[in-house]
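Dear colleague,

I am passing on the structure below, together with notes on what came out of it. Please read the notes with the model open beside you.

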Amino acid sequence: MEDDLVASLTRQVKEEVIENYLNERKLVHLQMEELEQRAEKVRCLAVETGKRLCRVGLLLINPEMLERLRKLLCISPSSYWNACFNSHFPRTVRTIRVRGFTLKARYRKLFLEAFQRFQYWMESYRKEYEDLSLECRAVNCNIQGFQKNFDLLSLLSFLKSLDIQGLERKHFLGENFTPGELAAVERSLCLCPVSFEKMAVPEPLCLPGYQLLEESLIALAHEVYQRFPGQVQRLMH
């Protein structure tokens, strides 16, 4: 009777330890899945923001004018955002409607409004990017806490110290396994920290405030109109 009671209590302890391990592991996995889902949304937001930058670039018409904008915004040639200038501008982006007495005035308003909309999207993207970065750090802290609290080899050692049936000890807890086999089990069950870089989320641009850029943007629009009036006219119709 006493042996049965000890065996029953031992089994309960073992089951509780394993259940706690599996529950905590499942919780961390859910957090990692949610993080990846959020990363996908942020990547989609980057695409939408890039479309607004593409529109700004198209309004400049000439590669030389576009290069001036790149320098003004400090966009690196290797940047994700630089590639947006070469992408196809989709018609799904909301049309900007402007009014003015002259073509020059309408073009200037269109260019400035397009830039302000891009800047608004970039600021929204920046907030989502920073929130994702903070969430990634939090998930990695939880992963580290899990690994610390549920060190697999220590867990197996504890369970093997319990007096339970030899068959269970062999198949369930790893008795008679070589150190190499145990190490392989630990590697396969190890939860690695999430790499923020591997999420492929573009770093947002650090744009100056619109008031600091407005004068330069107006000058750029005026120069485009003066040098390429025919192309501007075709663009606006």
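Among contacts in the protein between residues at least 6 apart in sequence, what percentage join residues at least 24 apart? The figure is 84%, where contact means heavy atoms within 4.5 Å.

Before the details, please keep in mind that this is a predicted model, in which local features need pLDDT of at least 70 and side-chain atom pairs count only at pLDDT 80 or more, whereas totals for chains, interfaces and linings use all residues. Residues are numbered from 1 along each chain as its sequence is written, and side-chain values use heavy atoms, with hydrogens and water left out.

The protein has nine helices and zero strands, counted as DSSP runs numbered from the N terminus (H or I of at least four residues for helices, E of at least two for strands). Of its 237 residues, 37% count as buried, a word that stands for under 20% relative accessible area, with exposed meaning over 50% and partly exposed what lies in between (1.4 Å probe, protein chains only). The accessible surface comes to about 15,000 Å², and 53% of it belongs to carbon and sulfur atoms; such areas come from the Shrake-Rupley method with a 1.4 Å probe, and for residues only the protein chains shown count as cover.

Two helix pairs deserve a look. Helices H2 and H8 pack at an angle of about 175 degrees, with their axes 11 Å apart; axes are lines fitted to C-alpha atoms, for helices over the stretch in contact, and angles run from 0 to 180 degrees between N-to-C directions. H2 and H8 are therefore roughly antiparallel to each other, on a scale where angles under 35 degrees count as roughly parallel, over 145 as roughly antiparallel, 65 to 115 as roughly perpendicular and the rest as oblique. On the H2 side the contact includes Glu64, Met65 and Arg68, and on the H8 side it includes Leu213, Ser216 and Arg227. By class, this contact of H2 with H8 has eight nonpolar, one polar and four charged residues, with Ala, Val, Leu, Ile, Met, Phe, Trp, Tyr, Cys and Pro taken as nonpolar, Asp, Glu, Lys and Arg as charged, and the others, Gly among them, as polar.

The second pair is H4 (residues 103-149) and H9 (residues 229-236), which pack at an angle of about 70 degrees with their axes 11 Å apart. That makes H4 roughly perpendicular to H9. Here Leu103, Arg106, Tyr107 and Leu110 in H4 meet Val232, Gln233 and Met236 in H9.

Leu205 sits in the loop between helix H7 (179-189) and helix H8 (210-227), and Leu205 is buried, with a relative accessible area of 8%. Leaving aside neighbours within four places in sequence, Leu205 is in contact with Ile75, Trp81, Phe118, Met122 and Arg126. The C-alpha atoms of Leu205 and Ile75 are separated by 7.5 Å, although the two are 130 residues apart along the chain. Ile75 is also among the residues that Asn82 touches, together with Arg70, Ser76 and Pro77, not counting residues up to four places away in sequence. Asn82 lies in helix H3 (residues 80-84) and is buried, at a relative accessible area of 11%.

Finally, most residues other than glycine have a negative phi. Cys74, however, has a positive phi near 55 degrees; Cys74 lies in the loop between H2 (63-73) and H3 and is exposed, with a relative accessible area of 68%.
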